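Me: I am new to reading structures and would like a guided tour. Please take one feature at a time, with the general idea before the example.

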Amino acid sequence: MQQLPRSSREHVMDPSRLSLADVYVEGLISQLDADEIDQLDREMDELETLLEHIEGFEELVAVSLISARERRELVERVFQGRCSLTLLALLRILARHNRLVLLRTICRRFHKFHERTHGRVDVFVTSPVEMSPPEQEALARKLGQSLQLDPVLTVKVDPALLGGLIVRVGDRLFDASLATQLRRLRRRIASRVSDQQP
């Protein structure tokens, strides 16, 4: 008996899915005006929430044994009358091409586009201790001044850092943690020792 695939939530950052999802996002954006993009972004938020509450939906639509007709019928039953015609048309296309498994990735990529157009940027911060709301606000202000954008912070705690912060903005990594500084210092010392050996 065929096993259901693992949730697509675990594969949102899969490079092949990202590039394919971007094709759909760019296609949507090219056909919509600013107000329609804002509306669709809100719907994408609601869609992600819906995916969280329909137990097994993502696994179900990814099973290759389900026919294209059954996938289309599933989309009609779940989404017709609950979303805009634009989103419904996208869902129908994904169902026809057996790509409903890209739903969550498309939602995330659409959000990123929407945030960039409004001057917002996702910033992922790793701290050795829990940051208070005032500390997060102060960090956001400093980052905003530096980036000339409105940072949206996601903060996680990693006690192994010892001190300092790791800040990731897109593909850029700003690592000012004590642990990293200690590793760099150890490498420099080890390099000098090896240079001095005959």
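Reply: Happy to! Helices are DSSP runs of H or I with at least four residues, strands are E runs with at least two, and both are numbered from the N terminus. This is a predicted model, in which local features need pLDDT of at least 70 and side-chain atom pairs count only at pLDDT 80 or more, while totals for chains, interfaces and linings use all residues. Residues are numbered from 1 along each chain as its sequence is written, and side-chain values use heavy atoms, with hydrogens and water left out.

Me: How many helices and strands does the protein chain have?

Reply: There are eight helices and four strands. Read from the N terminus, their order is α-α-α-α-α-α-β-α-β-β-β-α.

Me: What is a salt bridge, and how many are counted here?

Reply: A salt bridge is a side-chain nitrogen of Lys or Arg within 4 Å of a carboxyl oxygen of Asp or Glu. By this rule there are six. Take arginine 69 and glutamate 73, whose side chains meet at 2.8 Å, N to O. Both residues belong to helix 4, and because they are four residues apart, about one helical turn separates them.

Me: Are arginine 69 and glutamate 73 buried, partly exposed or exposed?

Reply: Buried means under 20% relative accessible area, exposed means over 50%, and partly exposed is in between (1.4 Å probe, protein chains only). Arginine 69 is partly exposed at 45%, and glutamate 73 is partly exposed at 34%. Elsewhere, salt bridges with shared partners join Glu48, Arg104 and Arg108 into one network.

Me: Which parts of the chain does the salt bridge between arginine 104 and glutamate 48 tie together?

Reply: The closest N and O atoms of arginine 104 and glutamate 48 are 3.9 Å apart. Arginine 104 is in helix 6 and glutamate 48 in helix 2 (residues 34-53), so this pair connects parts 56 residues apart in sequence. Both residues are buried. Another salt bridge joins arginine 109 and aspartate 22 at 2.8 Å, N to O. That pair also links distant parts of the chain, with arginine 109 in helix 6 and aspartate 22 in helix 1, 87 residues apart. Arginine 109 is partly exposed, at 23%.

Me: What about arginine 71, which is buried yet has no salt bridge?

Reply: For charge, Lys and Arg count as positive, Asp and Glu as negative, and His and the chain ends are not counted. Arginine 71 lies in helix 4, which spans residues 68-79. Its nearest side chain of opposite charge is glutamate 70, 7.0 Å away. The side chain of arginine 71 does reach the backbone oxygen of alanine 95, at 3.1 Å.

Me: How do I read which face of a helix is buried?

Reply: An α-helix has 3.6 residues a turn, so residues three or four places apart point the same way. In helix 7 (residues 133-147), the buried residues are Leu139, Ala140, Leu143, Gly144 and Leu147. Looking down the axis, these buried residues fall within an arc of 140°, so they line one face of helix 7; the arc is taken from the directions from the helix axis to the C-beta atoms. Pro134, Arg141, Lys142 and Gln145 are exposed on the other side.

Me: Which strands do the buried residues of helix 7 pack against?

Reply: They pack against strand 1 (120-127), strand 2 (150-157), strand 3 (166-169) and strand 4 (172-175).

Me: Where else is phi positive in a residue other than glycine?

Reply: Asparagine 98 has a positive phi of about 60°, and it sits in the loop between helix 5 (85-96) and helix 6. Leucine 162 has a phi near 75° and is found in the loop between strand 2 and strand 3. Asparagine 98 is partly exposed at 35%, whereas leucine 162 is exposed at 55%.

Me: Last one: which residues does tyrosine 24 contact, leaving aside its neighbours within four places in sequence?

Reply: Contact means heavy atoms within 4.5 Å. Tyrosine 24, in helix 1 (residues 15-31), touches Leu90, Ile93, Leu94, His97, Arg99, Leu102 and Ile106. With 13% relative accessibility, tyrosine 24 counts as buried. Its C-alpha is 9.3 Å from that of leucine 94, 70 residues apart along the chain.

Note on methods
Polar contact = N/O pair within 3.5 Å; in protein donor to acceptor, adjacent residues only side chain to side chain.
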